[in-house]
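Hello,

Here is the structure I promised to pass on. Please have a look at it first, and then read my notes below.

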Amino acid sequence: MPKIGRRNLFKALAAGVVASPLPILSATAGQASSAASPRWGKGIEGQRTADLGDGTFLNPIIAGDHPDPTILKDGDDYYMTFSSFYSYPGLVIWHSTDLVNWAPIGPALRKELGVIWAVDLCKHDGRYFIYLPANPDDKEWSIYAIWADDIRGPWSEPIDLGISGCIDPGHVVGEDGKRYLFVNGIRKIRLTDDGLAKDGTLEHAYSPWRYPDDWIVENFAPEGPKLLRHGDWFYLITAVGGTAGPVTGHMVIAARSKSVQGPWEHCPHNPLVRTVSESEPWWSRGHASLVEGPAGDWWMVYHAYENGFRTLGRQTVMEPIEWTTDGWFRALGGDLSKPIRKPAKGTPSPAGFALSDNFSTDKFGIQWCFHDPKPDEMTRVERAAKGLLLKATGTSPVDSAPLACIVPDRAYQAELTLQLSGESEAGLLLFYNHKAFVGVGFTPDTIKTYQYAEEQVWARLPHSSRRVCVRLTNDRNVITYEYSYDDGRSWKLHPTRMEVSGVHHNVFGGFLSLKIGIYSAGKGEVLLSDFNYRGMDRSANL
């Protein structure tokens, strides 16, 4: 193969023009063989895309860690956002015009409020609102609101509504014209007309349908209420069975009433969506919303874990529904390992975005975020002529907030150049939280190996350089590291490979995903430059 520059090589690899120098690995342990068949479209940098280009799509519609989707139809446009947990800036809003191709607009939340769980995005009287549960002092949950007159921002500072001990708000306007929030439980509370304060007390709203006692679930946990007025009825879509745990636990149920005050009638088709076998392509399916398509057809959007890839977090999937003659609805997706006809009459919109970054523009929120940052964490960041300066803090990845990036692909490769200053240490990680990560780090004189969320001191390697390129390859949960001292013209193989299929919520809790992470610890700073990403299509070799 002729010589080719590092950045051009990445473009060629993503396009399939040249082959990767790394071998293709066999399927990893714990990865079901049924996950082998799907073939997605190929998008930017070789990232997988849902749109197959033939009038069909293959789930997920938004790949990677995008849980608890809340979706808004606004004229011909659709907007969606997701739980952002410990990531800041957070609550990134995505846009589509066809429900299949989605691209991010930007973050709606910048003030650090601790962990953020399932939110609700809505529009009322020309103003956009996001109702969000937060636990800023790690003592008690409360419901907050932010608002904007333009969905692209600016968004207001969070307003604490004083609705304590609640999560998963769902907004609805009742038949009386008043605004209400439904929350986990399933309980409800009236809001003021401007939607920015409570106007009543929290009260019981609905006792959800219960599954048979012998079903294998995590727990009952009624949560994620989403409400819709359709015809003469209010429909209440709820998740029960537990978000994770056994793959057969999470499910979608529905009820209806002529009034938000009730009484609520159980849907005779419950559960509408549920994983019933470990052989299915999507596990723990739930937390759904209904949305009308461009042509008046209807769709259900929810999250699920990908079979064999819980490490990617809960991803956003979609399937069609039909309204039945008795005024109920049914899910029609069937086997989600197969393509589904796209919503009719949708105008194609951009899909995804390039993860490769020379750090010349601000991609915080859209791509990069700090994990569980301190209030002044952004002061660590300074844009430089040749990249991004990240000031060191803490002693290692254990106590230093990393920059993190959600990944959409089962297999991918990422590269980054590090230029160390002072007595700093920096490196490239796969990061779940401070108790669960792997990676390699560099000081001016030592290469460090992190596994099981701690340094493997026995694996230290001597070196002598303040500038190094590091490459991470995740081939379906098997991790390979390489590093280069000549800007990627030649690479040295790190002697330790790692297997990370068990780094997910069922083991470590937190409802998170395994993200690409960049850390800077010690004393000094690191200049980050030339971050390159490419998805690797391995479906033909599984």
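**Around I366**

With a relative accessibility of 27%, I366 counts as partly exposed. Please keep in mind as you read that this is a predicted model. I366 sits in the loop between β27 (340–341) and β28 (368–371). Which residues does I366 touch, leaving aside those up to four places away in sequence? They are V92, P104, I105, G106, P107 and F353. As for W299, it is 67 residues from I366 in sequence, and the two C-alpha atoms are 26 Å apart in space.

**The four-stranded sheet**

Next, have a look at the open sheet of 4 strands, whose order is β23-β24-β25-β26 with antiparallel pairing. Its edge strands are β23 (282–292) and β26 (329–331), each of which pairs on one side only. From one strand to the next, the twist averages 30°. Within this sheet, β24 (residues 298–306) and β25 (residues 309–323) are paired in the antiparallel sense over 9 bridges.

**T480**

Is T480 buried or exposed? Its relative accessibility is 3%, so T480 counts as buried. This residue belongs to strand β38 (residues 478–484), and its side chain makes a polar contact with the side chain of R497 at 2.6 Å.

**Backbone details**

Two cis peptide bonds may interest you. One joins N59 and P60, with omega at about 10°; P60 lies in the loop between β3 (56–57) and β4 (70–74). Another runs from Y88 to P89, where omega is near -5°, and P89 is in the loop between β6 (87–88) and β7 (90–96).

There are also positive phi values to look at in residues other than glycine. For E45, phi is near 60°. E45 is placed in the loop between β1 (41–42) and β2 (48–49), and it counts as buried because its relative accessibility is 13%, where buried means under 20%. For L99, phi is near 70°. L99 is found in the loop between β7 and β8 (103–109), and it is buried, with a relative accessible area of 0%.

Happy browsing, and do write back with any questions.

Best wishes

Terms used: Residues numbered from 1 in each chain as written. Predicted model: local features only at pLDDT ≥ 70, side-chain atom pairs only at ≥ 80, totals over all residues. Heavy atoms only, no water. Helix = DSSP H or I, 4+ residues; strand = E, 2+ residues; numbered from the N terminus. Buried < 20%, exposed > 50% of the residue type's maximum accessible area, 1.4 Å probe, protein only. Contact = heavy atoms within 4.5 Å. Pairing = 2+ DSSP bridges. Axes fitted to C-alpha atoms, helices over the stretch in contact; angles between N-to-C directions. Polar contact = N/O pair within 3.5 Å; in protein donor to acceptor, adjacent residues only side chain to side chain.
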